[in-house]
Structure formats: C-alpha cells, structure tokens
Amino acid sequence: MDMAAWPSPWHLLACVMLAAILLPLVKSLFYRTYVSLAAKGKPLPMPCKPHWLWGHLPLVVPVIQAGHHLDYLVTQLIAKKDVGKVFVLKLLLQDFVIVQEPEAIREVLIKKNYFKSPTYKSLHPFIGSRSMITSEGEEWGRRRAAFNPGFSYAFLKH
C-alpha cells in the first residue's frame, strides 16, 4: 500500500461514518449504566423514546420554530403528564436532567453532592484532578467551602 495515498478522502469518510455509528451506540450503552447507577437502579423517566442520534430534538424544534422558549415545552410535557417533575431530555448526544420540583431543586443545589459523571475525568489533563470541578465528596466540600466567601452578597456588591 502506498503510504502517500493515506489518508484518502474515502478513508476519512469511512472513519467519520464509523464514528457516527459507533459513538451513539457506545454512549447509549454507557448512559443506561450511568443513569441506573445515579438513580440507584431506577432510571429517570423520559417524555418518549429518544431517537438514537437526535434524541428528543424532534420535540424541541417545533417549539423553537413557533418562537417559544424551551420552558414552554417542559411545561407542556408536565401538564400532559408525559413525565414527572424530574426527567431526562436527550438532545443530540447530550443529556439534560430537567428538575421542576422545588424540593428536588433544593436537594440538588444545597443538600447533596452527587457523584460526577465519569466523563469529568477527561478534563484532568486540562484543569487537573484536584479541581473543584472534578473533585467529589469531602474533598469537593472543602474546596467549595473555600470558594463560598467569594460568592457572598457582601463580596459581590463591591
């Protein structure tokens, strides 16, 4: 094989197509495992079965084309009882956990320090493994406590 011909446009196209097929499949398998672990065996609900690549984008596009905000879709889904007040919307290859219950929001923002997605480990080469963004548990708590004074009202108003 002539190495000067590598990579040809056909080789690059084949690699892109292979990645486009394999990435959603691998992510889908990994995502199910991750959500099951995060929900302690009970996966979070979705409004409908997502497309393997687009996710719930077909639900979102008409709402945006009509000039509405994404909150309108969330309100409609909850009103139709398609989902509860905590659910997952998959958009392309990204998953969004929608939380509309005040007590659940309080728990997420104040009470709990949930474990990070394993994808945060990919940030280690860029921001280090001891960053507040990537740390968990007690280490995260210590780092967060150190940053809290900088976000107080008295500090921010100056």
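These legends describe close-up views of a predicted model.

**Figure 1. Confidence along the chain.** The mean pLDDT of the chain is 77. Of its residues, 78% reach 70 or more. Helix 1, residues 9–38, has the lowest mean pLDDT among the elements of the chain, at 66. Helix 2, residues 57–65, has the highest, at 89. Where pLDDT is low, the predicted coordinates should not be read in detail.

**Figure 2. The largest nonpolar core.** This core has 11 residues. Val60, Val63, Leu73, Val74, Leu77 and Ile78 are among them. Helix 2, helix 3 (70–79) and strand 1 (86–91) each supply at least two residues of the core. Helix 3 gives the largest share, 4 residues. In soluble globular proteins, nonpolar side chains tend to be buried together.

**Figure 3. The surroundings of Val83.** Set aside its neighbours within four places in sequence. Val83 is then in contact with Met46, Pro47, Leu77 and Ile78.

**Figure 4. The hairpin of strand 1 and strand 2.** Strand 1 runs antiparallel to strand 2, residues 94–99. The two strands are joined by 6 bridges. They form a hairpin with 2 residues between them. Leu92 sits in the turn and has a positive phi of about 55°. Across the pair, Leu89 stands opposite Phe96 in strand 2. Why is strand 1 described as largely enclosed by the rest of the structure? Because 5 of its 6 residues are buried. In a regular strand the side chains alternate between the two faces of the sheet.

Figure 5. The structure holds 3 salt bridges. One of them joins the side chains of Asp95 and Lys90. The N to O distance is 3.1 Å. Are these two residues buried or exposed? Asp95 is buried, and so is Lys90.

Figure 6. Arg106 forms a salt bridge with Glu103. Their closest N and O atoms are 2.6 Å apart. Both residues lie in helix 4, residues 102–111. They are 3 residues apart, about one turn of the helix. Arg106 has a relative accessible area of 39%, so it is partly exposed. Glu103 also counts as partly exposed, because its relative accessibility is 37%.

Figure 7. How many residues apart are Arg143 and Glu139 in helix 6? They are 4 residues apart, about one turn of the helix. Arg143 has 21% relative accessibility, so it counts as partly exposed. The cut-off for buried is under 20%. Glu139 is partly exposed too, with a relative accessible area of 27%.

**Figure 8. Ser131 in its loop.** Ser131 is found between helix 5 (124–127) and helix 6 (137–147). Its side chain reaches the backbone nitrogen of Ile133 at 3.0 Å. Why does Ser131 count as buried? Its relative accessibility is 15%, and the cut-off for buried is under 20%.

Definitions and conventions: Residues numbered from 1 in each chain as written. Predicted model: local features only at pLDDT ≥ 70, side-chain atom pairs only at ≥ 80, totals over all residues. Heavy atoms only, no water. Buried < 20%, exposed > 50% of the residue type's maximum accessible area, 1.4 Å probe, protein only. Polar contact = N/O pair within 3.5 Å; in protein donor to acceptor, adjacent residues only side chain to side chain. pLDDT = per-residue confidence, 0-100. Salt bridge = Lys/Arg side-chain N within 4 Å of Asp/Glu carboxyl O. Core = buried A, V, L, I, M, F, W, Y, C linked by side-chain atoms within 4.5 Å. Contact = heavy atoms within 4.5 Å. Pairing = 2+ DSSP bridges.
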